[in-house]
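Let's take a walk through a protein chain together.

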Amino acid sequence: MRILVVEDSRVVSRILQHLIAQELGCEVDFAEDMLSAEQLLKEHKYFVAITDLNLPDAQNGEVVTLVQSHQTPCIVLTGSLDSQQRKRLLQLGIVDYILKENRFSYEYVVRLVKRLKRNENVKVLVADDSLVSRKFVRNLLEQQLFQVIEADDGLSAFEILQSQSDITLLITDYNMPGLDGFGLILKVREIFSREELAIIGLSSDADESLSARFIKNGANDFLQKPFVHEEFHCRVLNTLDSLDMIRKLWEQANLDYLTGVYNRRYFFGLFEEQLEQIKLKKSSLTVALLDIDFFKKVNDTYGHDVGDEVLVEFSSRLNRLFGQHFTVSRFGGEEFTVAFKGLNEDKAFSLMDTFRAQLEAEPILTSQGPLTITVSTGIAGFTDGSLDNLINRADKALYDAKELGRNLVCIE
Ligand SMILES: Nc1nc2c(ncn2[C@@H]2O[C@H](COP(=O)(O)OP(=O)(O)OP(=O)(O)O)[C@@H](O)[C@H]2O)c(=O)[nH]1
């Protein structure tokens, strides 16, 4: 990523240089006037340009059209802005404008660039039956580099969300034929939690209670139409920042910090919830408990860091083989589980024995050279009772595998 800063004040340039180096660590070019900006724009492709409006050789914001003529998104950083200038800039389709008021202004610019970088990978679905409204919202989102998908009613929005699980934000109007905004949110929230999908409601309806009703029904935020560009951008930014924060918290609570696979807490949360269904439907749940053999020796011989490298590669192999269809978790230390929902013990045995043989045959490449690692595994199938009981039985089988010489899979 390369950024262009067009600014005649050395002080402002220095502040930006410091913040960009600290927060973004990307390449930055500085131009003090429009002529040098033009030269740089011819030489490089910029991810975004941050420009002052009043430059020594262009005092009326001409630099904005210059930047845009190079298909470069433009953020305006200016000392002052009257309402006419503001209107003109918004019509030109800049990403945003920021007034140089205090240090927070510069921090906001950097936060905005960070967000823009992430936005490139964020899919937003806009559900609105009005073509004009939809296009208006699409334009605003595209200025912020989002990938935009449109739906012209609630039902097709719901279908799109079901078929494209990588959509991060839904912006939905209230009044739509077939399925309105509330109906859509209710259906969506049955499938997608708040950490999976953020929702912003929109309406031009005069009903004052609408915003609260939207939020009570599962929306993260609400905007009354007509809204100004700036408010729209701030709301979207805040909603996505909160979503990122919620996701981060969720990951910290449910994923293992070293290997990235699920942790023990996630395993128990998931299967405690599913246990009644499994009992009711008499479907199978088989658990494999894995423990790397003589792992202490790896640490003692090569050091803890190499031990960590082994754990990371071991879990990534487990995840590659089983992660798509089954649940791989790290229970702690060098102990992992694979939960095979819908498989009996014999099938799980055969899969785990393949994994065991592959692990033994393919040494793990570490910074201290290749290491041959083996694993012992105990398998147990759910019959009745609790998850703890299931794990204890798998643990007994694991104990047998260790006792019988390791590098083995045993069934309880
Ligand atoms: N590098 C590293 N080591 C860990 C981590 N968590 C636990 N360990 C180490 O894992 C080792 C487990 O050793 P033991 O329980 O004695 O078992 P073992 O050496 O694998 O022997 P067997 O299980 O009997 O085959 C200990 O030395 C722990 O310090 C970790 O996150 N990173």
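To start, here is how we talk about burial: a residue is buried if 20 or more other C-beta atoms lie within 10 Å of its own, exposed if 12 or fewer, and partly exposed in between, with the C-beta atoms placed from the backbone. What you're looking at is a predicted model, where local features need pLDDT of at least 70 and side-chain atom pairs count only at pLDDT 80 or more, while totals for chains, interfaces and linings use all residues. Residue numbers run from 1 along each chain as its sequence is written.

Let's begin with the overall layout. The chain splits into domain 1 (2-116), domain 2 (120-253) and domain 3 (262-411), with bounds that come from an automatic or database domain assignment. Taken over C-alpha atoms, the centres of domain 1 and domain 2 are 29 Å apart. Where these two meet, 7 residues of domain 1 are in contact with 6 residues of domain 2; being in contact is a matter of two C-beta atoms, placed from the backbone, lying within 7 Å. The domain 1 side of that meeting place has 4 nonpolar, 1 polar and 2 charged residues. For those classes, Ala, Val, Leu, Ile, Met, Phe, Trp, Tyr, Cys and Pro count as nonpolar, Asp, Glu, Lys and Arg as charged, and the others, Gly among them, as polar.

Now for what the UniProt record says. Residues 2-115 are 48% helix and 20% strand, while residues 123-240 are 45% helix and 23% strand. For residues 283-412, the figures are 47% helix and 28% strand. Helices (H or I, at least four residues) and strands (E, at least two) are DSSP runs, numbered from the N terminus.

The unreviewed UniProt entry also marks Asp 52 and Asp 173 as "modified residue: 4-aspartylphosphate". They span 122 residues in sequence and the farthest two C-alpha atoms are 36.0 Å apart, so they do not all gather at one spot. Find Asp 52 in the loop between β3 (48-51) and α3 (62-69). Is it buried or exposed? Asp 52 has 23 C-beta neighbours inside 10 Å, so it counts as buried. Leaving out residues up to four places away in sequence, Asp 52 touches Val 6, Glu 7, Asp 8, Leu 77 and Thr 78. Asp 173, on the other hand, sits in strand β8 (residues 167-173). Asp 173 is buried because 25 other C-beta atoms lie within 10 Å. With residues up to four places away again left out, Asp 173 touches Ala 127, Asp 128 and Asp 129, and also Ser 133, Gly 181, Leu 202 and Ser 203.

Next, look for the ligand. It is surrounded by 17 residues, and the closest are Asp 293, Phe 295, Lys 296, Gly 307 and Gly 333; a residue is near a molecule if its C-beta atom, placed from the backbone, lies within 6 Å of it. β12, α12 (295-302) and α13 (304-322) each supply at least two residues of this shell. By class, the shell has 5 nonpolar, 4 polar and 8 charged residues.

What about the inside? In soluble globular proteins, nonpolar side chains tend to be buried together. A nonpolar core is a set of buried Ala, Val, Leu, Ile, Met, Phe, Trp, Tyr and Cys residues joined through C-beta atoms within 7 Å. The largest one here has 40 residues, of which Val 287, Ala 288, Ile 379, Ala 394 and Ala 397 touch the most other members. Among the elements that each supply at least two residues of this core are β12, α13 and α15. Another core lies apart from it, with 32 residues that include Leu 41, Leu 55, Ala 58 and Tyr 106.

The peptide bond from Lys 225 to Pro 226 is cis, with omega near -5°, and Pro 226 lies in the loop between β10 (221-224) and α10 (229-254). Lys 282 isn't a glycine, yet its phi is positive, about 50°. Lys 282 counts as exposed because it has 6 C-beta neighbours inside 10 Å. Arg 406 also isn't a glycine and has a positive phi, near 70°. Arg 406 has 14 other C-beta atoms within 10 Å, so it is partly exposed.

Note on methods: UniProt positions are given in the numbering used here, feature names are shortened, and annotations may be inferred rather than shown by experiment.
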